[in-house]
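Subject: Structure handover

Hello,

Here is the structure we talked about. Please open it alongside this note, and read on below for what came out of it.

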Amino acid sequence: MMKPKTVDKIATAVIIGVAGLIVLVLAGLLGFIMVRGLGHLSFDFLTSPPQSIRAGGGIGPQLFNSLFLLVLTMIITVPLGIGAGIYMSEYAKANKFTDFIRLVVEVLSSFPSIVVGLFGLLMLVNYFGLGFSLMAGALALTIFNLPLMVRITEQGLKSVPREQKEAALALGLTKWKTITSIMLPIALPIIVSGTILAAGRVFGEAAALLFTAGMSSPRLDFTDWNPLSPVSPLNPFRPAETLAVHIWKINSEGLAPDATEIAAGASAVLVITVLLFNLVARWLGRFMYRKFTATK
Amino acid sequence: MAQTTDKKISANNHFAEEWVGRIYTTLCVLVLVTTIVAMVYFVASRGLSTFFKNDVNVLELLTGLKWSPEGQPPAFGALPFIFGSFSTSILAALLAAPLSFCAAVFMIEITPKFGRKYLQPVIELLAGIPSVVYGFIGLSVIVPFFRDVFPGQGVGIAAGALVLSIMILPTMTTVATDALASLPSGLKEGSYALGATRWQTIYRVVLPTTLPSLLTGVVLGLARAFGEALAVQMVIGNAPFIPRSLFESASTLTSAITLSMGNTVSGSAHNNALWSLALILMLMTFVFVFIVRWLEKRSKL
């Protein structure tokens, strides 16, 4: 029988060792992407169109598609998600139907993204006739992101002190007025930082987009800003391959001789963007919290 | 007189606003509910049409070993995919679970200050890294490494499970950390006061009381691994057979759907069979959600 103190020391050493290993693996992972990818990054790489067979292609249209799709998705997701979140947190009565909605949100949030993509293919692309388009992609991503948005809004509204809400109601404000002018401003830091994190998820999603936004991008004319023109980058009804989909595609069927370098560069761009989203979310959340609550 | 009408008008405005708000939020929820009901309905109806329209036996699909939907005669044995999905995700969860527990213990019990301030944000950040990036790393690091060290091409269940375990590690660690942090400090202090060492406290007090929450994290990770498509598809090799070793090319439900869905005609037997695979994925999602709910109920005790 070993002494408990010896066992404690061994266990502590093992735990520290494992934690160190995890840190090493994760740091190695980030370092690998950066080292492999950053060397390939240049202004030309970020702006020029991809080449299918020759070397030297860029990721310009893909990067633009990802950003544009992100904006489209958030324009649809945010009002819907905040609305549903407000309902769940403030209006929903404690009954069977509310329990059912909670179950629905939970199921929806753990749906495999490929199944969401298939549903998008069936409903949006074929049935509603959107074809492979940015719009279909944005709607599919909305399905995928909505539960997260609902949960974030609920969390934000739950963080409002009860006294503040009750004071507003006691002054005779209607419920809606209380929510919009008392509770939402307080909840805003949480909602905003959560939304930015959700946006990061949208930016990196690929499986749901394969069969909705499509795996190709038409020749874009970046001087044509008329949203109705088929070659305009702003046209929401054109097919659009995003950055994440591009990484997958060149890895599985890339013919360009520098496919690995392109994938590395594109991965670095994705990771850096997600990193930026995280930092901005943290900073903005803290900044708004300070601004609204006047704490230092 | 004029004042009272003003008041009335503004009060009416507020009530109108209230109704608009109420209706708007209710509509949002209805959109949410309609979407999921439609999704479940369509996936189920397309997935079941393999059995009703194409007369494929349910047992044949679930236990058949041969998958050649375009062959003569066509065969719809999806067991290789089911086996691939379960083996990769369960292996990944088994790999990641002890690691995430150690990381959480390290962050909460051993170095609370450093852990919470620096390690936790980094781990949360890693949870946001897109899955294709994990797939790319698997393809350019893990697969070549396995190819050099073990017999075979390097692709297969081992590579898939390893990539998935790295991918789900941040999620599981975050859940485990939250669970450990929410433990009432009185429990731990009581144990220390009785003269227990830190390790004794961890495995006799902390582990048993937080077990349901820890398992919730494991199941969430398992569910994510089970539904992940592209990262696995990139490293598993995509051969529709049950492999004889961990380093032989295999397939999962998601990889089969990813690869073939674009090449089939809607309504054909092959297409419907792929929808059946999606149906299996969906049913497993339900199972995972119910396990999580059951565990959450247990943790309240």
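What pLDDT does chain B average? The average is 85, and 96% of the residues of chain B score at least 70. Keep in mind that this is a predicted model. Chain A averages a pLDDT of 83, with 94% of its residues scoring at least 70. Within chain A, helix α7 (residues 162-170) has the highest confidence, at 90. Confidence in chain A is lowest in helix α2 (residues 43-47), where the mean is 74. For the complex, the predictor gives an ipTM of 0.86 and a pTM of 0.87.

Chain A

Chain A has 10 helices and 0 strands. Its C-alpha trace spans about 70 × 70 × 40 Å along the principal axes. Of its 296 residues, 47% count as buried. Take the contacts in chain A with a separation of 6 or more: residues 24 or more positions apart account for 75% of them.

Start with Thr73(A), in helix α3 (residues 60-91) of chain A. Is Thr73(A) buried or exposed? Thr73(A) is buried, because 24 other C-beta atoms lie within 10 Å, and the cut-off for buried is 20 or more. Beyond residues up to four places away in sequence, Thr73(A) touches Ala138(A), Leu141(A), Thr142(A), Asn145(A) and Val202(A). Leu146(A) is 73 residues from Thr73(A) in sequence, yet the C-alpha atoms of the pair are 10 Å apart in space.

Now Gln164(A), which is found in helix α7 of chain A. Gln164(A) counts as partly exposed, because it has 13 C-beta neighbours inside 10 Å. That falls between the limits: exposed needs 12 or fewer, buried 20 or more. Leaving aside neighbours within four places in sequence, Gln164(A) is in contact with Ile182(A) and Ile186(A). Gln164(A) and Ile186(A) are 22 residues apart along the chain, and their C-alpha atoms are separated by 9.9 Å.

Chain B

Chain B is divided into domain 1 (2-52) and domain 2 (75-299). The C-alpha centres of these two domains lie 36 Å apart. Their contact takes 6 residues from domain 1 and 8 residues from domain 2. On the domain 1 side, the residues divide into 2 nonpolar, 3 polar and 1 charged.

The UniProt record for chain B is an unreviewed entry. For "transmembrane region", the record lists residues 21-44, 90-110, 122-145, 157-181, 202-223 and 273-295. I looked at two of these spans in the model. Residues 90-110 of chain B are 100% helix and 0% strand, with the end C-alpha atoms 29 Å apart. Residues 157-181 of chain B are also 100% helix and 0% strand, with the end C-alpha atoms 35 Å apart. The unreviewed entry also lists residues 82-292 of chain B for "domain: ABC transmembrane type-1". That span is 79% helix and 0% strand in the model, and its end C-alpha atoms lie 21 Å apart.

Where the chains meet

How many residues does the contact take from chain B and from chain A? It takes 63 from chain B and 65 from chain A. On the side of chain B that touches chain A, the largest share comes from helix α1 (residues 2-52) of chain B, with 20 residues. The residues of that side divide into 44 nonpolar, 15 polar and 4 charged.

The core

The largest nonpolar core has 181 residues. Those with the most contacts inside the core are Val115(A), Ala140(A), Ala159(B), Val163(B), Val235(B) and Ala278(B). Helix α6 (residues 157-181) of chain B gives the largest share of this core, 16 residues. The core draws at least three residues from each of domain 1 and domain 2 of chain B.

Not counting residues up to four places away in sequence, Val115(A) touches Val43(B), Ala278(B), Leu281(B) and Met282(B). One of these, Ala278(B), is also among the residues with the most contacts inside the core.

Best wishes

Methods: Residues are numbered from 1 along each chain as its sequence is written. Chains are lettered from A and ligands numbered from 1 in the order in which they are written. This is a predicted model: local features need pLDDT of at least 70, side-chain atom pairs count only at pLDDT 80 or more; totals for chains, interfaces and linings use all residues. UniProt positions are given in the numbering used here, feature names are shortened, and annotations may be inferred rather than shown by experiment. Helices (H or I, at least four residues) and strands (E, at least two) are DSSP runs, numbered from the N terminus. A nonpolar core is a set of buried Ala, Val, Leu, Ile, Met, Phe, Trp, Tyr and Cys residues joined through C-beta atoms within 7 Å. Domain bounds come from an automatic or database domain assignment. Two residues are in contact if their C-beta atoms, placed from the backbone, lie within 7 Å. Ala, Val, Leu, Ile, Met, Phe, Trp, Tyr, Cys and Pro count as nonpolar, Asp, Glu, Lys and Arg as charged, and the others, Gly among them, as polar. pLDDT is the predictor's confidence in each residue, from 0 to 100.
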